[in-house]
Each structure stands twice: as C-alpha cells, then as structure tokens.
Amino acid sequence: MTTGIDPHLILHQLFSPAFPVGAFAWSHGLEAAIADGDVTGAASLQGWLTAVLTHGAGWSDAVLLSLAARGASLAELDDLARAMTPSAARRRETAEQGAAFAATANAVWGLDLPELCYPVAVGGAVRALDLPHEHAVRLLLQSFLANLTSAGVRLIPLGQTDGQKITAALGPLCVARAAEAALADLDDIGTFSPLIDIHSQRQEALQPRIFRS
Amino acid sequence: MERAIPYDTASLVTSRQGAAPQRARGHAKLVVRRRDAQSVISDLAMSGSAKLLFPRRSTSSLDAVMLNTAGGITGGDRFSYAATVEEGASVTLTTQAAERIYRASPGAPGYVRNHLEVAERATLHWLPQETILFDASALDRELSVTLAPGGRLLACECLIFGRKAMGEDVRQVYLRDRMDLRQNGKLVFSDRLRLDGDAQAQLDLAAVAGGARAMASVLIARPGASALIETLRQMLPECAGASAITEDLVFLRIVAPDGFMLRETLVPVLQELADGPIPKTWMI
C-alpha cells in the first residue's frame, strides 16, 4: 500500500488518457467496422461498444484484471490473454499497451511487473498497490470504451458531445460487468463476437488505415 | 444404457419429452504412424457410441471418419476422441454427418473432449462437418491440440444455429466451445466461445454476427503459415477475416447467413489450406 495517497487518485491516474500506454493508436477493429459500413453513427457505435463489453474482449479483460488483482498467476493469465487474441493486431494491441503500462508503473511506484498483456499488467499493479479491484475493473472498461468512442468520433465522424453521451450511457454496463467479473473465475472467460474478431482481422489489410488495430 | 439407433430430429425431440434421461457415452482413440510412404493405423480403440471408420484411401495420408451412433448429443452425454500422429505421418479426420446438439434437460450440458497430438513433421487435418445447435441445446466442448515443432495442423470447427431452411428458431443455448493449441508446453492459441441465452437475438446484433446463423473458425499452424495470408484474404468475402497471428499461425473467422452459404466460402479455403483433397463429405 502506498501510504498517504488516496487509492482512487492512483486508479484515476492509471486509467487517465495521459498515462502513457498509447491507447489512442488502437481501434480494436472499429476502423474496419466503420470502413465496411457496419458502424455509421452514434447508435451503431453504441451498439458496437455494447457488444465489445457484453460479448467481446471487454468481458474477458475484466475477468483477467480481476483474477490478477485477486492473486492468480500473472504468467498463466498472460499466456491466456495473449493466446485468446483473434488477430495479430489485437495481440499487439494488448501486448504493447501492457508493456508500456508495466514500464511506467514500475518506474513511478517501484513495482517489478514483467511485460504482460494490458489487463494482466493492470491487475498486477492493482494488487501490488492494494487498490480496490472492482473499481479498477469499472475504470478499465470505461477507459477502454472512452478510447474507442474517441476513435469513432474521429472516424465516422461524430460530435464530441455525441461521444460523451455514449460513454455516459454505457456507464451502468461497466458497473454491472465489473460486479460479475469480481466473482468470475478462469472458466468464465470467453467471447462470442465473431464480427468484432473479423473486423480486427480485416483492419490489418485496410488501405489506408489510421489505427494500428 | 447406450442408444444405438440414429434418430432424426423430430422423433428425438418427441421421444425425449417426459422420458427418463438416457446418457450416451462414446470414446475413441487412434494412433497413426508412418510405414514406408504410407500412414497407417498403429493403435485403435473404440467404445460406446463413438466409432471410427476408415474409407478406402486415395493418397498416402490416412482418412478417418468419426461416427456418433447415438445420432446426436444431448445433456449429460460424454464423448471424446483422441488422435495421435507420429513423426512423419499424416491423417485427416472428419465426421460422417453434421453433429446435432439436441434439446438438453436443465442441468448438465453434453460434454465433448477431443485431444490431438501432432509429432514432428506429422500432419493432422481436423475437419469435422458442422455442429448444429438446436433450441435449448447445451454443449461444453474442448478441442485441445499439442503440436511438436515442425508439426502441421489444420483445424476447423463450424457452428450452425438451427436450420434456417427448416424455419427452426434457436432461442435458448448454452455453449462453451474451446480450441486450445499448445507448443513446447505453452498455450499459444486459445479460442473460447461462450454464448448463453437467446442465441438468435445475440446473433442478430449487427456488431455480433449481423443476423448470421453459421460461423466457422479455422486454425492453421505450420512452419511459415503466414505466407498464406494474401491468398486467403483474396478468397474471403466481407463477412470473413484472416490474420497471421505469428509467422507460424493463421486464424480465420467466417460468418454466413446459413450453413450452405458458409460452405460456399469455406470449402475453397479448406481446399487451399489442405494441400490436397479434402474429405468427400465436405464437397457441396
């Protein structure tokens, strides 16, 4: 425990867009979903993000963070997180953000996290700093959605206010999923999001493309 | 007690209502080795409702056809197939028919545990026909593959949610479908499909499957597999994708409105990936 510092302030720092993990470079395949005409406006963007949270990597990441924060083996969770990525771009997305997160957290708080996939690295830091893990999962999900929303705002394009409305509307879902993740175990990890997977594969071949996934 | 008679869908659903549950069991094990230029059976064991048939071969590779004599899978059933391909040998496994996952009474899902081991310079093609999930079905399935360095794997699993042409609704499903690949003791790929509740409503979501009722997942693991990626991308329609996750690992996902349209995309892809004939059961 880092004495004297409000754990919520540390959490907000970890999930702030200013924390240098390079999240802005990754669209999780949304760029291809927009290019293919599957996401065309605020309503379809919200639907796509809801699917990421409900059926996609949002849920798996929530459980991975929660398990890491509850003390499961970081190396095993990392192998699984890496193995579950359906495309090279999605593998780089979680691996590179995780490595950057670990490097910064190690330097700032004196931790010794190895290079881990993003949700596992975050869970490792949450455990090492004794931060409230269910709150960490909520913030992980919200920052993930907010980053993708901002990608959508630029690509579709949408107004900034529309983007903020989507982030606000999905708040309750972040809270609900975090509560479920707090009780989940390894076997609860899984997705059913074939088109989200397909879009991340198709994004790799998109010309031109702005995002790295 | 074993069920030995193949059921059609209608009679199965009717006969099961109110009847005491009968649980099917089936286990089969196959070891393939190389003898001169041919791949031959080195060990074979079968019990219960799991059978392996060996049609007349047309190449030096061995063809094995899996047959579920219970005619489908329902809650509480347990099936497993284990296949080992020894150094330099080659085998293609397929199924005699699409596997049908029938209405399960609340409680246990049907369990399927398949294990494949591929040695150095050995080849294994895992090409079962489609798995059809009916309303109120429950399936917990794992395909776990151990691949030695230099081994070659092509694995495809297809899921069909009801038969669209028959107007079948699939409202309630419990699905856990896992495909794990291990190399040098390390998990290198894992597909973990997890679907609960109203399958149709979820498949209809634009971001999930856009109304598709069929999907395929294909894994290719062999040295230099990534060289296939441009060819594959040329073959795929908009509702499909392929990625070279590493230099030696390619993964594809395909969705389609129904099983027929899935095959239209999938069969040419499998022919390209198999480097030879694919099982006759796969020809449209």
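**Entry 1: before starting**

I am working with a predicted model, so local features are taken only where pLDDT is at least 70.

**Entry 2: helix α3 of chain A**

I checked the length of α3(A) first. The helix runs over residues 42–54 of chain A, 13 residues in total. At 1.5 Å a residue I expect a span of 18 Å, and the end C-alpha atoms are 18 Å apart, so the two agree.

Next I asked which residues of α3(A) are buried. My list reads A:Leu45, A:Trp48, A:Leu49, A:Ala51, A:Val52 and A:Leu53. Then I looked for what covers them. The cover includes α2 (30–35), α4 (57–69) and α8 (133–155) of chain A. It also includes α9 (160–169), α10 (171–181) and α11 (194–203) of chain A.

**Entry 3: where A meets B**

I turned to the interface. Chain A brings 32 residues to the contact and chain B brings 36. The buried area comes out at about 2700 Å², with carbon and sulfur atoms giving 57% of it. On the chain A side, I find that A:Phe192, A:Leu195 and A:Gln201 lose the most area to chain B, together 23% of what that side buries.

For polar links I get 15 residue pairs in polar contact between the two chains, counting pairs with both residues at pLDDT 80 or more. Which elements of chain A give two or more residues to the side that touches chain B? They are α3, α5 (74–83), α6 (88–109) and α11. Of the elements, α11(A) gives the most, with seven residues. By type, I sort that side of chain A into 16 nonpolar, eight polar and eight charged residues.

**Entry 4: salt bridges between the chains**

Side chains of opposite charge can pair when their charged atoms come close. I went looking for such pairs and found 26 salt bridges over all chains. Four salt bridges lie across the interface of chain A and chain B.

I looked at B:Lys186 with A:Asp79, whose side chains meet at 2.7 Å, N to O. I also looked at A:Asp187 with B:Arg178, where the N to O distance is 3.2 Å. Is B:Arg178 buried or exposed? Its relative accessible area is 19%, and buried means under 20%, so B:Arg178 counts as buried.

**Entry 5: salt bridges inside chain B**

I followed B:Asp198 to B:Arg171, a salt bridge at 3.2 Å, N to O. The pair links distant parts of the chain, 27 residues apart. B:Asp198 sits in the loop between β14 (186–197) and α2 (199–204) of chain B. B:Arg171 sits in the loop between β12 (152–161) and β13 of chain B. I put B:Asp198 down as partly exposed because its relative accessibility is 27%, and B:Arg171 as partly exposed because its value is 39%.

I then took B:Arg192 and B:Asp180, with closest N and O atoms 3.7 Å apart. Here B:Arg192 lies in strand β14 and B:Asp180 in strand β13 of chain B, 12 residues apart. I note both B:Arg192 and B:Asp180 as buried.

Last, I traced shared partners. Salt bridges join A:Arg90, A:Asp197, B:Asp191 and B:Arg253 into one network.

Key: Residues numbered from 1 in each chain as written. Chains lettered and ligands numbered in written order. Heavy atoms only, no water. Helix = DSSP H or I, 4+ residues; strand = E, 2+ residues; numbered from the N terminus. Expected span 1.5 Å × (residues − 1). Buried < 20%, exposed > 50% of the residue type's maximum accessible area, 1.4 Å probe, protein only. Contact = heavy atoms within 4.5 Å. Buried area = accessible area lost by both parts, 1.4 Å probe. Polar contact = N/O pair within 3.5 Å; in protein donor to acceptor, adjacent residues only side chain to side chain. Nonpolar A, V, L, I, M, F, W, Y, C, P; charged D, E, K, R; others polar.
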